[in-house]
Amino acid sequence: MIQLHKVSVQYGSFTALHSTTLAFVPGQFTVLLGASGAGKSTLLRSLNLLARPSAGHITVDGVGELDHAGRVHEHRKRTGMIFQQHQLIARQSVLANVLLGRIGYHPAWRTMFPLPYGERRIALECLERVGLLHKALERVDCLSGGQQQRVGIARALAQQPRLMLADEPVASLDPASSRQVLAQLKRFCHEDGITIVVSLHQVDLACEYADRIIGLSHGHVVFDSTPDALTPVQAAALYEQKTAPSEAPDHQAKPIEPKATFVQLATAKEPA
Ligand SMILES: Nc1ncnc2c1ncn2[C@@H]1O[C@H](COP(=O)(O)OP(=O)(O)OP(=O)(O)O)[C@@H](O)[C@H]1O
């Protein structure tokens with residue numbers, strides 16, 4: 001569990017997050033909703049201290065209070081980040097990108113040499129889970145946006161995270177890819193008992209996938225409950241708009257692509 005105790009975040013004299021006390025538990029898929037500038041990214045980034053609290057403190061089970069560098073390092077090692085623009089290394093293979101998730105487990109000098117077979121195996125298993133094992137040796141910039149985001153998820157999974165943070169992970173994806181990404185995140189959250197916190201702008205997707213919705217407005221938490229408790233009026237108020245969220249359409253996530261074998265991939269050459 002990760003807990004914020006009266007955490008505020010200021011940028012100069014501007015308070016982006018007002019005194020906030022929240023707890024995030026393992027295996028819960030939380031979606032942050034709110035208008036642009038409401039403080040979603042700030043709250044999300046405070047959870048791994050990319051946004052430093054100006055007041056209050058954060059505690060993590062098994063680590064303690066995040067009050068010195070060693071504990072922050074330990075916490076970040078087990079915190080996967082997923083970004084809107086994927087943040088992958090374009091000229092590298094899919095596998096090499098996923099292996100970056102393992103770097104925190106090795107001293108800096110060790111990463112100058114190829115990582116051991118066991119590490120490669122973890123990365124391949126993560127690619128298999130997101131349905132992209134057969135793409136392992138392709139250059140990552142040859143993949144579609146949705147596939148690249150799933151590589152980002154595999155990289156985060158390779159960290160064997162306790163916490164995953166995703167800042168608008170589907171903002172640049174089409175509806176089908178968005179659903180596939182959110183369905184996979186939710187599945188890994190429940191299967192692996194990972195705490196996942198995602199910021200979204202799509203109320204319908206939040207209602208469809210979230211276990212819990214936290215609504216923010218002007219740096220304050222104004223809603224914190226299950227999706228079925230979020231009324232259309234409350235949802236519209238979060239966005240200061242008149243329209244209500246649309247009905248979520250019935251769907252199934254796309255099936256994942258066919259498998260390649262570990263042996264084929266472990267022995268094949270990567271692209272230059
Ligand atoms: N590094 C920064 N320096 C100064 N102000 C910042 C900084 N980052 C964010 N802010 C301000 O803090 C407020 C909250 O920003 P934040 O990015 O958390 O909102 P958000 O809800 O994630 O918005 P969006 O949906 O547009 O990403 C905004 O008013 C923003 O301008």
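Why does Met164 count as buried? Met164, which lies in strand 7 (residues 163-167), has 25 C-beta neighbours inside 10 Å and therefore counts as buried, the criterion being 20 or more other C-beta atoms within 10 Å of the residue's own, with 12 or fewer defining exposed, values in between defining partly exposed, and C-beta atoms placed from the backbone. Helices (H or I, at least four residues) and strands (E, at least two) are DSSP runs, numbered from the N terminus. The model is predicted, with local features requiring pLDDT of at least 70 and side-chain atom pairs counted only at pLDDT 80 or more, whereas totals for chains, interfaces and linings use all residues. Residues are numbered from 1 along each chain as its sequence is written. Between the C-alpha atoms of Met164 and Ser54, which are 110 residues apart along the chain, the separation is 23 Å.

Helix 4 (residues 117-129) contains 13 residues and spans 18 Å from its first C-alpha to its last, close to the 18 Å expected at 1.5 Å a residue, the expectation being 1.5 Å times one less than the number of residues. Within helix 4, Ile122, Ala123, Leu124, Cys126 and Leu127 are buried, and the helix is followed by Gly131, whose phi is positive, near 80 degrees. The axes of helix 4 and helix 5 (residues 145-158) come within 9 Å and cross at roughly 135 degrees, the axes being lines fitted to C-alpha atoms over the stretch in contact, with angles from 0 to 180 degrees between N-to-C directions. Helix 4 and helix 5 are therefore oblique to each other, since angles under 35 degrees count as roughly parallel, over 145 as roughly antiparallel, 65 to 115 as roughly perpendicular and the rest as oblique.

Positive phi values also occur outside glycine. Lys6, in strand 1 (residues 2-11), has a phi near 50 degrees and, with 12 C-beta neighbours inside 10 Å, counts as exposed.
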